[in-house]
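Hi everyone, thanks for coming. I'd like to walk you through one structure today, so let's bring it up on the screen.

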Amino acid sequence: MSPVPRFHRQTIHTPASVRAGGWPDWSGQPEVFKYYPADFPRLSLAAVPDVRLLLFRCAGLTARRVYGDTVYFLRANPSAGALYPCELYVQARGVAGLADGIYHYEPRGERLCLLHEPESATDGLESCCEDDRRVEGLVLLVSAIYYRSSWKYRDRALRYCLLDSGHLLGGVEAAAICGQEDHEIFCRIDRQRLAAGFGFGGREQAMAMVVLGRRGSERVTSLAMRLPFVSGTGTFVANRFIEGALEEIGRPEHCRPAAGGAGYPFSAGILADAIARRRSIRAFAGVPLLRREFDAVLDTATMAVSMDCDEPVRILAVVNRVEGMEPGVYAGRRCLAAGDFSDMARYLCLEQDLGGDSGATLFLTGAAHNYLPLLLKAGLMGQRIYLTATGLGFGCSGIGAFYDQEAAAFLDTDDMILYALAVGR
Ligand SMILES: Cc1cc2nc3c(=O)[nH]c(=O)nc-3n(C[C@H](O)[C@H](O)[C@H](O)COP(=O)(O)O)c2cc1C
């Protein structure tokens, strides 16, 4: 067994740490949208409907809520505390209706902001990937601005930035399925070179790239872009723990690549509709799930991912109410211990009712030493679980807040608990 990375150990929740919590500094609340200065050219995505739809399905705004005089937007991807640390950048080459270049996606207003026009045929984002062959089509870069989450969740925000990024990658996977496009996720990327090119200034980190196009044979060897730093938060308080951890985990090694992708148990049309309708359920009515619904969630979640560093993620489920299944703890479909553990599941999920009232509460676990791809994969599987539940007509909520040690002890695993999700109706 590999040792638990120290940054996972140092961000556990315990009953004592949660009670000692404290309140966030409301005056330091960060902005959730990043905007480049007005003199960067903007392009309305209305002019390129296919790209508009693809980006909307990855990271678009899918709902609007008004509290008092403040308007909040919810997005295609869920996010811990709706704090949305992730940004999405897009490189286009040879895409009809879109000049070649590197852009920033502005979900509000559905625009692309042009950041850089290629200076030569060898200039582009591919140069930051091990496989630097030229891509005709789109290359996406997912980044995270940690302060949007650390403002509230402090050091544990490290996990949420990774899980949220994984959800966004799961969104890209789903969008690619809807558009019948191939996709490949890369987390072995040159983060330093990307940070220098994008002017991230230590406050924003490159998480992963996704290729959605055809590879040529010519190599792309440089990134000539040198952007000024642009804040994506307004206010900012540095968190040295998170910065250090991101630095440490940013170079995954001894990776095994995988090829694949989710096969959802419904048509691309239903998937597209599920992406636009997906929401986190806030309370379950306690109506049982059907056995085949539970099976569909497991099947979709555990399909191979198309990723250059595929780390094993297991699912341990506390089955509370699924027709045709005895309540208990399951490893996949195998019952490890029969019994009604719904009160325990509620407690483990930081005493949140969702954990106990669900049809099943899934704990995603893993032991791999490559922490960044491991958490990205857990988030990606989370997005598959949400979309499967939505498409089949029941509810889901991610649960990032759980008592780590108590959950591992109850589930009798040496793995780290990476993420929990409750599914049901
Ligand atoms: C990594 C992660 C952790 C989350 N943790 C919790 C949680 O512990 N409890 C909860 O009620 N919701 C949790 N959520 C759900 C978010 O609150 C929800 O995604 C956000 O409010 C946006 O709403 P939406 O999912 O309906 O778009 C989590 C979501 C993510 C992605």
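The chain is split into domain 1, residues 30–249, and domain 2, residues 280–424. Please keep in mind that this is a predicted model. Between the C-alpha centres of domain 1 and domain 2 the distance is 28 Å.

Let's go to where the domains meet. How much area do domain 1 and domain 2 bury between them? The answer is about 2,100 Å², and 63% of that is on carbon and sulfur atoms. In terms of residues, 27 from domain 1 are in contact with 25 from domain 2.

Now the polar side of that interface. The count of salt bridges between domain 1 and domain 2 is 3. Another salt bridge to look up on your screens is Asp404 with Arg159, where the closest N and O atoms are 2.8 Å apart. Across the interface of domain 1 and domain 2 there are also 13 residue pairs in polar contact, with both residues at pLDDT 80 or more.

Which elements give two or more residues to the side of domain 1 that touches domain 2? They are helix H5 (157–178), strand E8 (184–186) and strand E9 (204–219). H5 provides the largest share of that side, with 13 residues. Sorted by class, the side of domain 1 that touches domain 2 holds 14 nonpolar, 7 polar and 6 charged residues.

On to the ligand. There are 24 residues around the ligand, and those that come nearest are Arg278, Arg279, Ser280, Gln352 and Gly400. For Ser280, an N or O atom of the side chain sits 2.5 Å from an oxygen atom of the ligand. Gly400 uses its backbone: an N or O atom there is 2.8 Å from a nitrogen atom of the ligand. Ser79 also has a backbone N or O atom to show you, 3.1 Å from a ligand oxygen atom.

Last stop, salt bridges overall. The total comes to 29. Take Arg52 and Glu110, whose side chains form a salt bridge at 3.0 Å, N to O. Why pick that pair? Arg52 belongs to helix H3 (residues 49–59), while Glu110 is in the loop between strand E5 (101–106) and strand E6 (111–116), so the pair ties together parts 58 residues apart in sequence.

That's my tour, and I'm happy to go back to any part of it.

Conventions:
Residues numbered from 1 in each chain as written. Predicted model: local features only at pLDDT ≥ 70, side-chain atom pairs only at ≥ 80, totals over all residues. Heavy atoms only, no water. Domains from an automatic or database assignment. Contact = heavy atoms within 4.5 Å. Buried area = accessible area lost by both parts, 1.4 Å probe. Salt bridge = Lys/Arg side-chain N within 4 Å of Asp/Glu carboxyl O. Polar contact = N/O pair within 3.5 Å; in protein donor to acceptor, adjacent residues only side chain to side chain. Helix = DSSP H or I, 4+ residues; strand = E, 2+ residues; numbered from the N terminus. Nonpolar A, V, L, I, M, F, W, Y, C, P; charged D, E, K, R; others polar. Near = heavy atom within 4 Å.
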